[in-house]
Amino acid sequence: MNRQSLNGTFVRHAMLLAVGLALSIGAYASERDLAIVEPAAVGMSAEGLDELGAAMQGFVDRGELAGVVTVVARHGKIAHFGTFGMQDIASGVPMAKDTIFRIYSMTKPIAGVALMTFYEEGRFELDDPVAEFIPEFADLKVANAPGPDGQPVVEDANHPMTIRELVSHTAGLTYGFFSRSQVDTLYMRANVLDRNSTLKDMVAKLGGIPLRQQPGSAWHYSVAVDVQGYLVEVLAGKPFDEVLKERIFDPLGMKDTGFWIKPEDEPRTATMYQQRGGALTVNPSREYFTKPAFFSGGGGLVSTAMDYTRFAEMMLNGGELEGVRILKPETVKLMHTNQLPDGIDFINPMIGNPGNTFGIDVAIVAAPDGESDHPLAKGEYWWYGAGGTWFGVNPVQDLIVVGMIQKFGVPGPKEVRVTSKRLAYEAITDPG
């Protein structure tokens with residue numbers, strides 16, 4: 001970036017800081033951005049959204065977060081686009097509306113949409129065996145009990161893993177660090193998610209490791225969406241990153257979304273923090289600043305609040321945005337329809353909210369508990385990222401909430417996410 005560009009960036013950030021970091025209306029718009037309107041125009045309270053902004057600023061003022069960006073959209077228009085705090089504390093650069101974030105597991109719904117574009121082309125059915133497309137998954141064994149030398153005692157799978165199970169975290173896979181088992185240890189030893197390897201390498205490793213549990217027997221957060229990324233590569237005959245660019249990012253104008261942060265974009269990238277000794281400290285990892293060999297469908301993307309809002313708006317619109325159709329309405333509805341068998345076990349609590357179920361790469365609010373989910377949230381589908389980002393799409397209320405922070409923790413600062421959604425729902429003046 002040249003000196004003139006740097007000066008322009010500094011002036012822009014300084015102006016944003018000078019006008020305050022609370023609710024922002026109308027100043028930020030490009031030809032590919034959603035319209036920003038007064039809250040009353042979309043049936044929301046300005047005072048209520050001001051309260052949301054004040055709550056986000058409170059997290060910053062208390063030293064719990066460096067900075068936050070939040071978006072609330074309703075009826076296809078943005079009623080709240082707020083920036084709070086700093087994208088980097090040491091340099092004093094304020095959080096901006098085009099700040100870039102590592103979105104980790106918010107990559108998963110995007111990967112799911114990419115896969116479902118091939119479903120619409122008739123390339124597969126949800127109940128097809130995964131092994132029809134990924135031969136490495138044929139005749140997988142299943143861990144039955146702990147065995148000697150770190151190798152579990154195995155049994156045959158009672159049925160082949162299906163694509164429906166793959167997209168709903170019921171395929172028998174694991175992540176390696178959300179539960180304790182010999183299979184999890186084998187994942188870690190194999191470095192299944194090695195950033196310097198490829199999706200094909202990952203599948204080869206998984207083909208040599210037993211499933212953690214029988215397919216379809218339990219919901220267990222897992223590498224399943226990374227496997228979906230490889231399935232997309234098989235179906236497309238090209239790398240996963242190219243498919244996302246061609247089928248989602250370019251059509252939707254998601255100009256700042258991809259698998260790495262280019263050098264010219266580093267100045268507007270939020271620093272990743274973690275809480276240690278009661279204070280925020282910088283996490284020094286630089287892994288997202290170089291192009292990976294591993295295009296992780298489970299957690300590899302970086303994005304901005306506006307880019308993700310455009311993706312969410314496409315979903316809320318039934319697969320279309322500004323005349324560009326990505327999916328059919330019935331396919332989007334399928335994605336946020338429960339895919340779990342009745343009475344399924346939940347091995348780990350990664351859904352995170354009581355009364356939620358799971359569709360295709362998204363959680364679904366089936367029975368709001370009033371604490372984790374506001375009563376008006378019924379029907380919302382959502383997910384979050386390990387770095388603290390989150391989103392929710394509610395077709396009943398015609399509402400989108402997107403939030404972006406960078407603070408490590410699993411599953412991330414839930415209080416921030418729940419607070420933002422609660423206040424957004426409370427600001428609705430004409431509920432559906």
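1. Helices are DSSP runs of at least four residues, numbered from the N terminus. That convention gives helix 8 its name in this predicted model. Helix 8 covers residues 240-252 and supplies 5 residues to the lining of the second largest pocket, the largest share of that lining.

2. By type, the lining holds 8 nonpolar, 2 polar and 9 charged residues.

3. The largest pocket has about 670 Å³ of space. It is lined by 31 residues, with Tyr104, Tyr175, Phe177, Leu193 and Gly299 the closest to its centre. In this lining 20 residues are nonpolar, 7 are polar and 4 are charged.

4. In soluble globular proteins, nonpolar side chains tend to be buried together. In this model the largest nonpolar core contains 121 residues, of which Leu173, Ile248 and Phe311 touch the most other members. Helix 9, residues 305-316, contributes the most to this core, with 8 residues. Another core lies apart from it and has 7 residues, including Ile100, Tyr104, Ile261 and Tyr288.

5. Which residues does phenylalanine 311 contact, once its neighbours within four places in sequence are left aside? They are Pro109, Ile110, Val113, Ile248, Leu252 and Met254. Among these, Ile248 is itself one of the core residues that touch the most other members.

6. Helix 11 spans residues 414-426, 13 residues in total. From its first C-alpha to its last it reaches 18 Å, close to the 18 Å expected at 1.5 Å a residue. The buried residues of helix 11 are Val416, Arg417, Val418, Thr419, Ser420, Lys421, Leu423, Ala424 and Tyr425. The elements that cover them include helix 2 (46-61), strand 2 (67-74), strand 17 (381-384), strand 18 (390-394) and strand 19 (399-404).

7. Is aspartate 98 buried or exposed? Aspartate 98 sits in the loop between strand 4 (93-94) and strand 5 (101-102). Its relative accessibility is 14%; because buried means under 20%, aspartate 98 counts as buried. Aspartate 98 and glutamate 246 stand 148 residues apart in sequence, and their C-alpha atoms are 22 Å apart in space.

Methods. Residues are numbered from 1 along each chain as its sequence is written. This is a predicted model: local features need pLDDT of at least 70, side-chain atom pairs count only at pLDDT 80 or more; totals for chains, interfaces and linings use all residues. Side-chain values use heavy atoms; hydrogens and water are left out. On a 1 Å grid over the protein atoms alone, a cavity is a set of points where a 1.4 Å probe fits but cannot get out, and a pocket is an open set with protein on both sides within 12 Å along at least five of seven lines; lining residues have an atom within 4 Å of a point. Grid points are joined across faces, edges and corners, and a volume is the space filled by probe spheres set on the points. Ala, Val, Leu, Ile, Met, Phe, Trp, Tyr, Cys and Pro count as nonpolar, Asp, Glu, Lys and Arg as charged, and the others, Gly among them, as polar. Helices (H or I, at least four residues) and strands (E, at least two) are DSSP runs, numbered from the N terminus. The expected span of a helix is 1.5 Å times one less than its number of residues. Buried means under 20% relative accessible area, exposed over 50%, partly exposed in between (1.4 Å probe, protein chains only). Contact means heavy atoms within 4.5 Å. A nonpolar core is a set of buried Ala, Val, Leu, Ile, Met, Phe, Trp, Tyr and Cys residues joined through side-chain atoms within 4.5 Å.
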